[in-house]
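Let's walk through this model together, one question at a time. Have the chains and ligands in view as you read.

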Amino acid sequence: MQVSDEVAIEIANMNKWYGTFHVLRDIDLTVHRGERIVIAGPSGSGKSTLIRCINRLEEHQSGRIVVDGIELTSDIKNIDKVRSEVGMVFQHFNLFPHLTVLENCTLAPIWVRKVPRKQAEQTAMRFLEKVKIPEQANKYPGQLSGGQQQRVAIARSLCMQPRIMLFDEPTSALDPEMIKEVLDTMIELAEEGMTMICVTHEMGFAQAVANRVIFMDQGQIVEQNSPKEFFNNPKSERTKLFLSQILGH
Amino acid sequence: MQVSDEVAIEIANMNKWYGTFHVLRDIDLTVHRGERIVIAGPSGSGKSTLIRCINRLEEHQSGRIVVDGIELTSDIKNIDKVRSEVGMVFQHFNLFPHLTVLENCTLAPIWVRKVPRKQAEQTAMRFLEKVKIPEQANKYPGQLSGGQQQRVAIARSLCMQPRIMLFDEPTSALDPEMIKEVLDTMIELAEEGMTMICVTHEMGFAQAVANRVIFMDQGQIVEQNSPKEFFNNPKSERTKLFLSQILGH
Amino acid sequence: AEGDTLAEVKARDELICGVNTGLVGFAAPDANGNWAGFDIAVCKAVAAAVLGDPSKVKYVPTTGQTRFTALSSGEVDVLARNSTWTYSRDTDLKLDFVGVNYYDGQGFMVNKDLGVTSAKELDGATICIQTGTTTELNLADYFRANNMSYQPVNIDSNAEGEQQYMAGACDAYTTDASGLAATRAAFADPENHIILPEIISKEPLGPAVRHGDNNWGDIVRWTLNALIAAEEYGVTSTNLEELSANSANPEVQRLLGTSDELGAMMGLDNEWAKRAIAASGNYGEIFAATIGEQTPIGLARGLNAQWTQGGLMYAPPFR
Amino acid sequence: MSDITAPAQPSFRPSMLIYDRRYRSLTIQVVVFILVMAAAWWLVGNTIQNLRAMGKDFDFGFLWSRAGYDIPSPPIPYTSNDTHLRATIVGLLNTIIISFLGCIAATILGVAVGVARLSNNWLFARLMTIYVEMFRNIPLLLWILIIYAIFTEILPAPSAYRGDDPAWSMILFDNVALTNRYTAIPTLGLTNDPGELDLGARILIDWATIAFAVVLIGGWFVRKAVLAWAQRTQDRTGDRPTTWWINLAIMVVPSLLLIWYFGLHLIPPELKGFNFGGGLNVQNAFVALWLALTLYTGAFIAEIVRAGILAVSRGQTEAAYALGMRSNKTMNLVILPQALRVIIPPLISQYLNLTKNSSLAIAVGYMDLRGTLGGTTLNQTGRELEAIVLMMLIYLALSLVISGVMNIHNNRVKLKER
Amino acid sequence: MSELHAQTVPFVRDTMLPQQPPPNRETGALHWLRANLFSGPINTILTILGLLIIWFLVSHFWDWFAHSVWNAESLTQCREIIAATWGEDARGACWAVIRERWHQYMFGFYPRELYFRPIIAFGFLFVALAPVLFSESVRIRRIVLIVAAAATLILSVMVGAPLPWLVFAAIVMIGAVVVAERNAPWLLIFSALYPLLGVWMLWGGSAWGELSVLASVALGWLAWRLSVRISPLIAVIAGVAVTLALLLFVAGDAAEDLQSLIPLDITAIDSDQFGGFLLSITIGVAGIALSLPLGIILALARRSDMFLVNKLAVVFIEFIRGVPLITLLFVASLLLNYFLPPGTNFDIILRVIIMVTIFAAAYMAEVIRGGLAALPKGQYEAADALGLDYWKAQRLIILPQALKISIPGIVSTFIGMFKDTTLVVFVGLFDPLKGISDFVRANFAWKGVYWEPFIFTGAIFFIICFSMSRYSMYLERRLQRDHR
Ligand SMILES: Nc1ncnc2c1ncn2[C@@H]1O[C@H](COP(=O)(O)OP(=O)(O)OP(=O)(O)O)[C@@H](O)[C@H]1O
Ligand SMILES: Nc1ncnc2c1ncn2[C@@H]1O[C@H](COP(=O)(O)OP(=O)(O)OP(=O)(O)O)[C@@H](O)[C@H]1O
Ligand SMILES: [Mg+2]
Ligand SMILES: [Mg+2]
């Protein structure tokens, strides 16, 4: 697991409001290629909003976000470019229920990347194998268990061959037995050197793969540190409080 | 905890099909009064179906089931008799959400046993005290936690003063903290000498109270033994495999 | 149904009379919901004859669609709803028309501005026509016979027809001439509309009863005849009492029940006709009060004059 | 294990009819059957008795006798000399025509309004809400009457188009005249008339019409082939060829050729005598009923469409965006296919409602099935029992056909779930 | 995890940033306009289109509304007034027709001095509905009851109700408010009695008729009660038989005898005096009240696994739903007499109510079936496991829940049915929309008024239906929340 010097994402002085509510305040964050960042924090602290800003599912109002050298403005072309560089996995999978697993995985490559179907299907099968469910390729999402669905969602993102992956609480809607399958998949990805930003409360996962843990509260980054330091030696009072709740649970 | 010689349930050579699918194959089982039996087995092995046959929520197609000396046939009177002897607690509680806890408990005594309301309420309060939630009597099920709901479900069954209690995975829909409350209630019941058949994967419970553990797979009883023997010295390969999965998790 | 309608009516102490849903002059409720009109007078006369009280009538408004069924199914005892007496209705529909209270004919009304003076000039015109009536058939036959074409605008009720015609949605409005007159009378500018001279059909309108109960048919028939005869003999609602006391005319005596026992032949008492006439007067009085020239409808007697005056109103002798 | 005696097969006792589950349901069903049969027998018995008392019979023979009444602008040749049966068929065709056109227009309107209500234009969304609520909460009959009244009261009589300086003039390049009786539109004329095909029963179809139908249907198949080709190309190379202009050409060019070949031209309506002639006069009763049905049902469909689109969770759009799809592709490939599944079942019932509501034609005198069979025919023949029974059966058959067809479609697109 | 980079220097924030107001362009009226009306070319076009539509409507109808005339005796007079006030060419609305004939639009030909009876009956309707429809929230029920009570009393006083009736109404309404606060389920008794009370108040006549019906039902219940210990089946048969026998053979005579002993009657009103909204509401309410039990039975039958019962229900429901209401109304007016024993002849309103009931029941059955299907299977199993038999399980467990879920659907069915009551005009009844309007226009004075009656009746329909639909939406939202 090596981290290069190249900057993958740079967020500087970024602010976002919902109406008059200030959700993200003065966010500064630089992510290098190959880094794996875990974002934690209490509910409502703006974690989801932050990562959704990174692929412009939400618009920020001030400051800059540069992804892979492309600054996110309202220019549609830039947004398209960024989105095809960045894959995203949601808490509730958001698979397309009317398409088979394989079609879910090939839809975007075919229609966005204009990959020939054969080739798209081959790629898709490769990634489905990676997430260990090639045999489900022709089923519909509704026929799969939650863990399988989330792995399909990961495969679907990977099929666009993104250079950066964002995960928004990918395991929090899953039953305990299924969490492991998904985390295993994510760990495998991490080991291959994918740049990842992951909102999660799975502290085991954070300790195992993260280079850095970011703790957010009230729309701000309160603490950043290596996982070891973060868990064993939190600096801020809030972090301590949060960790005591999470780990005590 | 004494087991009498009297036979409470006798199942002989019983078979059941769903359409063409053979769910229960040649089941033979005798339960004595005061016995406490735990049924375990992988998902889909027919555990639920078996105990649902005992109070005729499902019909069996061949063989005989005799409960308390009454053979289960399609005679409605027999079915009614058996059902008022046998209480059942479901995985998802199945409380009646439009009635208060007290009304849930008095409904069947009043309408089936024709007990005067006053008396039914007294009995209900006694059992609610036994499951330690007399103070919730006038709340609605929706206002209770899962563990409390399951205890209400137990009290509701007890109000019919059954001689046999069936439990179908009574704790598997509960959060870990609540499992204990329910198991405690069940252990207390067991100590009073109630005849119980319980489908559960709570091996601690099995070891603590069961006289016998029955292991089912593919619709058949694969192994029966005392809990001690069952856990420490399983005979069949399947049991071993199953135990390794269950305990390993 | 076959049966004793007279007994039923007496038992019920109420006559059920099927009438139009609203045709000014013939049958229409006033602002308070009291029914009045030419057809209503027949109902009242029958009620007076049978029950002794002209107000003991329940009026059942019937549409062009429901009227005959209402009668044949026994829902109404008598249908006094400007219905044309035709062969097939009398036979196939199993009705009995008991007489004619108004000799009508289908005509056309057009706006003066149209410059049309004869129905023969209506080739290609748009004509408003109420669906489900004999007028619809007459119209089709007339244009076919004269080798002309027309565009029908079908309407559901007379009110609708007036609206369409007044808005100019049709060049001509066709219905029975009496109806045309009534409609025209209601216009703000009746002088701008003319009723064309052609009468394209015979439309004898009269009350109908169910087929099969001959006695009941007789009662309604002779009640109507009594009204007509009363006019012929000069019996009016004002001189009724006087004449019944001291008329020398044997016909009048029989009519008013002072001699002979005519009423008993139909199962009524002897004063039935007297009461019928007292209800709203004799035929002429009714005509004048509801649709005559003094009313807004302004119909001349024409064919409906007594036979003695050159009209067709001719009551068979009372003996 | 103890050996088991064979399950005692209890012999049959009469009490088992009530207390044995197997027999009890049989008992109940037999009782219900007897009750239903008794009720039916009673009703039929009464009917027979009543018919006899009235001296009537139950006989559909009247359908073959002369109708004697005219029907404005019948879709198949019809005169007052034809039979009641033919009049009934004309009425049925009119019902089908108005229902069909109504369904199409209501769908278009409903989809447009449903989408507009979701638009982020505050004003327009509000206006559409007002429209929807107005039409949903006021009886259809009122709308039919109002729209009909607007036509009769506001539009002029044809004579307004007369003279050198007419009060009104025709619109759309002197092709369409709005009057208070009908909307006069041009008909199509052929300079090169190929004659007509006789289908029997005096139903004639112009060869030119057939030619156009063939070209259009053929074009539709060619279009499918083109789409399949585009799909194949895309599968092979990844690039999807632009096909809309090819498709347009396929539909348009052969038609243009046919128009040129047959010398197809518009014959505009012309004021002749009292009325416009030459063109086609579409009665206002028809237009008003059609508009009212469209507007009324459109309001309901708008709600269905809106709900359908809202039912596709926001997450689906976001997932598609996150995969780099643009909004129109997201709509076509992700949102619509899912929304349609939610939309179609209630849409079917709206189609059924519209078809049934078309019987309100009675209010404006449009001669649909109810106006012919259930109206004038019933009245002239006095066969209310036969006419109404037949009419109900026809409506029922129409409903069953519509829901049948739509259900087949619906089953095809049903979501597969665990 | 060896190579920690310089940029991963630990970071700790010591002072939290406060909330800050958003940049200027994110707020204010201008922002709102830009975001909601002019955010893009399409949006701008839509805005302009919307403004055009509004302009079109206002410019065409404003004058007409502005030139309203409320006081006139005829349309001609209206026109003269308009011409005199606003000039020769002015067009204006002539609301005078509504002012003069409002009572017919509302009550048809119901005797004017008895208007208080329908008003009080209608007020009582809210009391009867309160425990069913407004049980969701105590606050709403309180408001509904109090407003209904106040409105009923005020309106009754305005139409000149006699004192005893006012006292009666006041006692019932105030009693209902009190009972609702104390022990709401008791109001259900009033709901159960309301049909008879309502019929008596509307049609009048001898109260003994209604009382003898009540007595028959009570005796039937007694018979059931007495024999239920022997066998539930026999008990049901006995109960129904006793009720029917009493109703068919005894009730009528008994009522007459009692009436001659102790007269207990109020002015009788004939059905043909009903009209306007009174007719619509009567048909609508009667239809819905009767179709509910029938709908429940049909829904249960359709969910039954007994082949014949199920198929019969399916055929019935699909048949009724497959034909237009208007044909059923024709059946009511033309054919019903064919199907009944010769000589039976009954009220056209009653016949229409029967057909409307059958029609609504088929739709209701589907709504209730949806409610039944929404209940988890566990509820059935739990009831079974406790030993409740089919009917007890339905009555105590299943229906109470299923009906509650179905209330929004039931309300929508009612809205549809209420709108459909306008169709009764085609069988010769005076509905408010066309029947009364045609009748008013048949008068010389008002020949030619179209728009005013349309707008008036339309507005009333809108108010009633819109408030009901809002109410059902509110319920739907509430139920959804409850279920989570
Ligand atoms: N579309 C929106 N409009 C207004 N406020 C919003 C919107 N989305 C989120 N918020 C608010 O913004 C804040 C941050 O939300 P966000 O979803 O980013 O939190 P989170 O840290 O992801 O919380 P969780 O752990 O619950 O997912 C919350 O207070 C939330 O209520
Ligand atoms: N109503 C039914 N119709 C058809 N098959 C059924 C039905 N109910 C259960 N089955 C099948 O019967 C088998 C046994 O089911 P059962 O619910 O008894 O298993 P179980 O041992 O209780 O499993 P679990 O631990 O998941 O509850 C399963 O394969 C199941 O799919
Ligand atoms: Mg979040
Ligand atoms: Mg189970």
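Q: How far apart are the closest C-alpha atoms of chain A and chain C?
A: This is a predicted model, so keep that in mind throughout. No contact joins chain A and chain C. The gap between their closest C-alpha atoms is 51 Å.

Q: What is the distance between the nearest C-alpha atoms of chain B and chain C?
A: Chain B and chain C do not touch either. Their nearest C-alpha atoms lie apart by 50 Å.

Q: Are α8(C) and α13(C) roughly parallel or roughly perpendicular?
A: Helix α8 of chain C spans residues 214-233, and helix α13 of chain C spans residues 283-290. They pack with their axes 6 Å apart, at an angle of about 95°. Angles of 65 to 115 degrees count as roughly perpendicular, so the two helices are roughly perpendicular.

Q: Which residues of α13(C) make the contact with α8(C)?
A: From α8(C), the contact uses C:Leu227, C:Ile228 and C:Glu231. By class, this contact has four nonpolar, one polar and one charged residues. The partners on α13(C) are C:Tyr283, C:Gly284 and C:Ile286.

Q: Which element gives the most to the shell around ligand 1?
A: The residues surrounding ligand 1 include A:Tyr18, A:Lys47, A:Ser48 and A:Thr49. An oxygen atom of the ligand is 2.4 Å from an N or O atom in the side chain of A:Thr49. Two elements of chain A give two or more residues to the shell, β2 (21-32) and α1 (47-54). With three residues, the element that gives the most is α1(A).

Q: How much of the accessible area of ligand 1 does the protein cover?
A: A polar side-chain atom of A:Glu169 lies 3.1 Å from an oxygen atom of ligand 1, and a polar backbone atom of A:Gly46 is 3.0 Å from an oxygen atom of this ligand. On its own, ligand 1 has 640 Å² of accessible area, and the protein covers 58%.

Notes: Residues are numbered from 1 along each chain as its sequence is written. Chains are lettered from A and ligands numbered from 1 in the order in which they are written. This is a predicted model: local features need pLDDT of at least 70, side-chain atom pairs count only at pLDDT 80 or more; totals for chains, interfaces and linings use all residues. Side-chain values use heavy atoms; hydrogens and water are left out. Contact means heavy atoms within 4.5 Å. Axes are lines fitted to C-alpha atoms, for helices over the stretch in contact, and angles run from 0 to 180 degrees between N-to-C directions. Helices (H or I, at least four residues) and strands (E, at least two) are DSSP runs, numbered from the N terminus. Angles under 35 degrees count as roughly parallel, over 145 as roughly antiparallel, 65 to 115 as roughly perpendicular and the rest as oblique. Ala, Val, Leu, Ile, Met, Phe, Trp, Tyr, Cys and Pro count as nonpolar, Asp, Glu, Lys and Arg as charged, and the others, Gly among them, as polar. A residue is near a molecule or strand if one of its heavy atoms lies within 4 Å of it. A polar contact is a pair of N or O atoms within 3.5 Å; within protein, one must be able to donate a hydrogen and the other to accept it, and residues adjacent in sequence count only if both atoms are side-chain atoms. Accessible areas come from the Shrake-Rupley method with a 1.4 Å probe; for residues, only the protein chains shown count as cover.
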